[in-house]
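These are my notebook entries on one model, written down in the order in which I looked things up.

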Amino acid sequence: MKNQALFALLAAVVAPLSFAAFTPDAYARPVYVGVDGGNIAVSGYDTISYFEGDGVPVKGEAAFAVEHDGAVYHFANAANAARFQANPEAFMPRYGGHCAWAMSRGYLAPGDPLAYAIVDGKLYLNFNQEVKAKWDEDRAGFIASAEKNWAAMPDDAKFGG
């Protein structure tokens, strides 16, 4: 009887935590916005541009800014801003724009918007081209590790802090 009560208590505590780890909000934070104290995500690049045309990222403009989860995303035009607002998780970089390789190792590092890859319809940034080349050697393995580490990352974690 004592074990059943303990198990019920444990289940009541763990169930909400495990559910929270798989909700979109749990994957949306913390967002990398640089080290200069600003709140511009992806260094101001239009995240829609990674998925369209030739996939070359385009700088966004402050006139087409959208705030999401405490970060401001810039877009090249109003149509892209509206698409992002309708479904931000589809266009946000994984791991809040932090380096995907570093996340696979369990820590935060800046993501360079020009060292990127689209894998299974998701945007991944890396620290630089050299790190990206390392990450490219085993994308699936690094993504699997990074997903586990990201789920355990505190919402208030910050690069360098």
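**Entry 1, the whole chain.** I began with burial and noted that 40% of the 161 residues of the protein count as buried, where buried means under 20% relative accessible area, exposed means over 50%, and partly exposed lies in between (1.4 Å probe, protein chains only). Before going further I wrote down that this is a predicted model, in which local features need pLDDT of at least 70 and side-chain atom pairs count only at pLDDT 80 or more, while totals for chains, interfaces and linings use all residues. Residues are numbered from 1 along each chain as its sequence is written, and side-chain values use heavy atoms, with hydrogens and water left out.

I then looked up the accessible surface of the protein, which comes to about 8,800 Å², with 59% of it belonging to carbon and sulfur atoms; the areas come from the Shrake-Rupley method with a 1.4 Å probe, and for residues only the protein chains shown count as cover. For contacts (heavy atoms within 4.5 Å) between residues at least 6 apart in sequence, I recorded that 56% join residues at least 24 apart.

The protein has 7 helices and 6 strands, taken as DSSP runs numbered from the N terminus, with helices (H or I) of at least four residues and strands (E) of at least two. Along the sequence I read the pattern α-α-β-β-β-β-α-α-α-β-β-α-α.

Strand S3 (residues 61-68) and strand S4 (residues 71-75) run antiparallel and are joined by 5 bridges; two strands pair if DSSP finds at least two bridges between them.

How many of the residues of S4 are buried? I found 5 of the 5 buried, so S4 is largely enclosed by the rest of the structure. Ala71, Tyr73 and Phe75 point one way from the strand, Val72 and His74 point the other way, and all are buried.

I next followed strand S5 (residues 112-119) to strand S6 (residues 122-126), an antiparallel pair joined by 5 bridges, in which Tyr116 stands opposite Leu125 in S6. The two strands form a hairpin with 2 residues between them. Asp120, in the loop between S5 and S6, has a positive phi of about 50° although it is not a glycine, and its relative accessible area of 75% makes Asp120 exposed.

I located Val42 in the loop between helix H2 (24-28) and strand S1 (45-46). Is Val42 buried or exposed? With a relative accessible area of 6%, Val42 is buried.

The axes of helix H6 (residues 129-136) and helix H7 (residues 139-152) come within 7 Å and cross at roughly 100°, the axes being lines fitted to C-alpha atoms, for helices over the stretch in contact, with angles running from 0 to 180 degrees between N-to-C directions. H6 is therefore roughly perpendicular to H7, since angles of 65 to 115 degrees carry that name, with under 35 counted as roughly parallel, over 145 as roughly antiparallel and the rest as oblique. I listed Lys132, Lys134, Trp135 and Asp136 of H6 and Arg139, Phe142 and Ile143 of H7 as the residues that make the contact. They divide into 3 nonpolar, no polar and 4 charged, where Ala, Val, Leu, Ile, Met, Phe, Trp, Tyr, Cys and Pro count as nonpolar, Asp, Glu, Lys and Arg as charged, and the others, Gly among them, as polar.

Lys148 lies in helix H7 and counts as exposed at 65% relative accessibility; its C-alpha atom is 9.1 Å from that of Met103, 45 residues away along the chain. Ala151, also found in H7, counts as partly exposed at 33%, and 9.3 Å separates the C-alpha atoms of Ala151 and Tyr95, which are 56 residues apart along the chain. Gly34, in the loop between H2 and S1, is partly exposed at 32%, and I found Gly34 and Gly111 to be 8.9 Å apart, C-alpha to C-alpha, and 77 residues apart in sequence.
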